[in-house]
Amino acid sequence: MTLPPVLRDRLRLPVIAAPLFIISNPDLVIAQCKAGVVGSFPALNARPAPMLEEWLKRITGELAEHDARHPDRPAAPFAVNQIVHKSNDRLQHDVEMCVKYQVPIVITSLGAQPWLNDAIHSYGGITLHDVINIVHARKAIEKGADGLIAVAAGAGGHAGAISPFALVQEIRAFFDGPLALSGSIATGDAVLAAQAMGADLGYVGSAFIATNEANAEQAYKQMIVDSAAADIVYSNLFTGVHGNYLKPSVVKAGLDPDNLPEADPSSMNFGSGGNTDAKAWKDIWGCGQGIGAVREVVPAAALVDRLAREYEAARARIAAPARPAVMAAE
């Protein structure tokens, strides 16, 4: 499995920070990239549409300045997430902005389109498509995506229900290109485990919500610190697509997290959630099952530092000679 240079040469740690709806902003992306992991944000976070150019100008400018000052440790590349669903009436504009600023990596979701891949390839960028099953994975590669993000069970926000072991092994049966794994990855140990399974990179999302730079309410960040895997509920009620959310936020919205009805997928609404009065992302807070490892709100750079220490410690443990078995006394 050979990674393209953009994912191989400038990363301190094999990690992509997932694009977080509403939460990811230039402050967070720049901090992530300077710390040595791929920073990313959804294009739709820049509202209204003209703001996307302002964000791209700032991110590219500040990262270029960082590289000029620190040639020995250049920043990692950044990525922009594009929602390729028919409900996104900004897609053409937002892709044109990515081409204008030559965004190194574009992450596509909820639809694969050859024209979009071609547009990003026109200047040498790469596209990664997030998938929850093998059918979507095959279609994405057939339509020109360079790599895949396997969104397995336990991932925050819109997530699949397949075990990461099963999803990665089935993808690797037909695809040898760039592969990131999403789903409960909140420690350096989990990043190394993703690589042991066959992925190239870990895809870390929920842990970055509890950082100083994240555009999230303090109560949201503290709820992540106070919660664990048992506090996550999987439902399609809020957007029409199944996702993982913090139970306490569901309770706070006046709903019973253990008795949520199924939603009509045709009512899909990625911006606010159209199936209840409680709005997805604003009132109902997305989160993955890995948050038991998140114990405090810290700067993004400190989170990356922790992941790096844990990753190296896990590698050292694996490299250490195995202990001899203790023989039973005769």
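Me: Where is S184 found in this predicted model, between which strand and which helix?
Reply: Look at the elements on either side of S184. The strand is β8, residues 179–182, and the helix is α8, residues 188–197. S184 sits in the loop between β8 and α8.

Me: Is S184 buried, partly exposed or exposed?
Reply: Buried means under 20% relative accessible area, and exposed means over 50%. S184 has 33% relative accessibility, so S184 counts as partly exposed.

Me: What is phi of S184 near?
Reply: S184 is a residue other than glycine.

Me: Which loop holds L110, and what is its phi near?
Reply: L110 is in the loop between β4 (105–109) and α5 (114–121). L110 counts as partly exposed, at 32% relative accessibility. Phi is positive here, in a residue other than glycine. It is near 60°.

Me: Is the peptide bond from R47 to P48 cis or trans?
Reply: P48 lies in the loop between β2 (39–42) and α3. Check omega for the bond from R47 to P48: it is near 0°. The bond is cis.

Me: Are helices α2 and α3 roughly parallel or roughly antiparallel?
Reply: Helix α2 covers residues 26–35, and helix α3 covers residues 51–69. Their axes come within 10 Å and cross at roughly 25°. Angles under 35 degrees count as roughly parallel. So α2 is roughly parallel to α3.

Me: How do the residues in the contact of α2 with α3 divide into nonpolar, polar and charged?
Reply: From α2, the residues include V29, I30 and C33. They meet residues of α3, among them W55, I59 and L63. Charged residues take part too, including D27 and K34 in α2 and R58 and E62 in α3. The division is seven nonpolar, one polar and five charged.

Me: Is the crossing of α2 and α3 left-handed or right-handed?
Reply: Handedness is a separate matter from the angle. The two axes cross at roughly 25°. The crossing is right-handed.

Me: How many disulfides does the count come to?
Reply: Apply the cut-off of 2.5 Å between cysteine sulfur atoms. The count of disulfides comes to zero.

Me: Which elements are among those covering the buried residues of α9?
Reply: Helix α9 spans residues 218–226. Its buried residues are Y220, K221, M223, I224 and V225. The cover includes β11 (243–246) and α10 (247–252).

Note on methods
Residues are numbered from 1 along each chain as its sequence is written. This is a predicted model: local features need pLDDT of at least 70, side-chain atom pairs count only at pLDDT 80 or more; totals for chains, interfaces and linings use all residues. Side-chain values use heavy atoms; hydrogens and water are left out. Buried means under 20% relative accessible area, exposed over 50%, partly exposed in between (1.4 Å probe, protein chains only). Helices (H or I, at least four residues) and strands (E, at least two) are DSSP runs, numbered from the N terminus. Contact means heavy atoms within 4.5 Å. Axes are lines fitted to C-alpha atoms, for helices over the stretch in contact, and angles run from 0 to 180 degrees between N-to-C directions. Angles under 35 degrees count as roughly parallel, over 145 as roughly antiparallel, 65 to 115 as roughly perpendicular and the rest as oblique. A crossing is left-handed if the near helix is turned anticlockwise from the far one by less than a right angle, and right-handed if clockwise.
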